[in-house]
Amino acid sequence: MHLHGHNIFVLQEGSCTDNQTVFGDNNGTSVQGHTDTNVKNKKRDSGYGSCWDGSIVNPSNPQRRDVQMLLPGNYVVVQWNQDNPGVWPFHCHIAWHLSAGFVWTVLEQPDSIEHEMDIPQVMAQTCTDWSAWTSRNVVDQIDDGV
């Protein structure tokens, strides 16, 4: 996993193989309501929804990384300083994982972006040009190119 614009602190990592914890039942399928507003209460009451027990490895000096390996069936808990306003991708470096959506967009300090940053006109022009080109052409690429 890699977060642009930052180093990440790895607080914990470990195995996450219990379907009851991940999905809410033991056959590997999500139960109804797993995304509703009561998830926080379910987690508190039953441990549902997280393999992490809240422990932190070396809290006084956590490992600092640019990229952290996330093994299959495992979890990783990361933290970073929110000191770099922008829109940052947090993603896996396996191309087909990225293409399948294994990427998050982190919007950091949106008020600072809106009120304190001058975004160059070339950025807006790039988006306008790309939109015009893709309206007339098919992009011959099966992944996002990262």
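What is the volume of the second largest pocket? The second largest pocket has a volume of about 290 Å³. A pocket here is an open set of points on a 1 Å grid over the protein atoms alone, where a 1.4 Å probe fits, with protein on both sides within 12 Å along at least five of seven lines. The volume is the space filled by probe spheres set on the points, which are joined across faces, edges and corners. Lining residues have an atom within 4 Å of a point. Of the 14 residues that line the second largest pocket, Leu 70, Leu 71, Cys 92, Ile 94 and His 97 are the closest to its centre. By class, the lining has nine nonpolar, five polar and no charged residues.

The model is predicted: local features need pLDDT of at least 70, side-chain atom pairs count only at pLDDT 80 or more, and totals for chains, interfaces and linings use all residues. Residues are numbered from 1 along each chain as its sequence is written, and side-chain values use heavy atoms, with hydrogens and water left out.

Next come the strands. Helices (H or I, at least four residues) and strands (E, at least two) are DSSP runs numbered from the N terminus, and two strands pair if DSSP finds at least two bridges between them. Strand 5 (residues 86–91) is joined to strand 6 by six bridges, and Gly 86 has Glu 108 as its bridge partner in strand 6.

Strand 2 (residues 8–15) pairs in the antiparallel sense with strand 3 (residues 63–65) over three bridges, and Val 10 stands opposite Gln 63 in strand 3. Strand 2 also pairs with strand 4 (residues 74–79), in the antiparallel sense and over six bridges; there, Ser 15 has Asn 74 as its bridge partner. Buried means under 20% relative accessible area, exposed over 50%, and partly exposed in between (1.4 Å probe, protein chains only). Six of the eight residues of strand 2 are buried, so this strand is largely enclosed by the rest of the structure.

A nonpolar core is a set of buried Ala, Val, Leu, Ile, Met, Phe, Trp, Tyr and Cys residues joined through side-chain atoms within 4.5 Å. The largest has eight residues: Met 1, Leu 3, Ile 8, Trp 80, Trp 88, Phe 90, Cys 92 and Val 106. A second, separate core of five residues includes Phe 9, Cys 16, Tyr 75 and Val 77.

Phi of Gln 109 is near 55 degrees, a positive value in a residue other than glycine, and Gln 109 is partly exposed at 27% relative accessibility. Within helix 4, Ile 113 is buried at 15% relative accessibility. Leaving aside neighbours within four places in sequence, Ile 113 is in contact (heavy atoms within 4.5 Å) with Pro 85, Gly 86, Val 87, Leu 107, Glu 108 and Ile 119. The C-alpha atoms of Ile 113 and Pro 85 are separated by 6.2 Å, although these residues are 28 residues apart along the chain.

Notes: Nonpolar A, V, L, I, M, F, W, Y, C, P; charged D, E, K, R; others polar.
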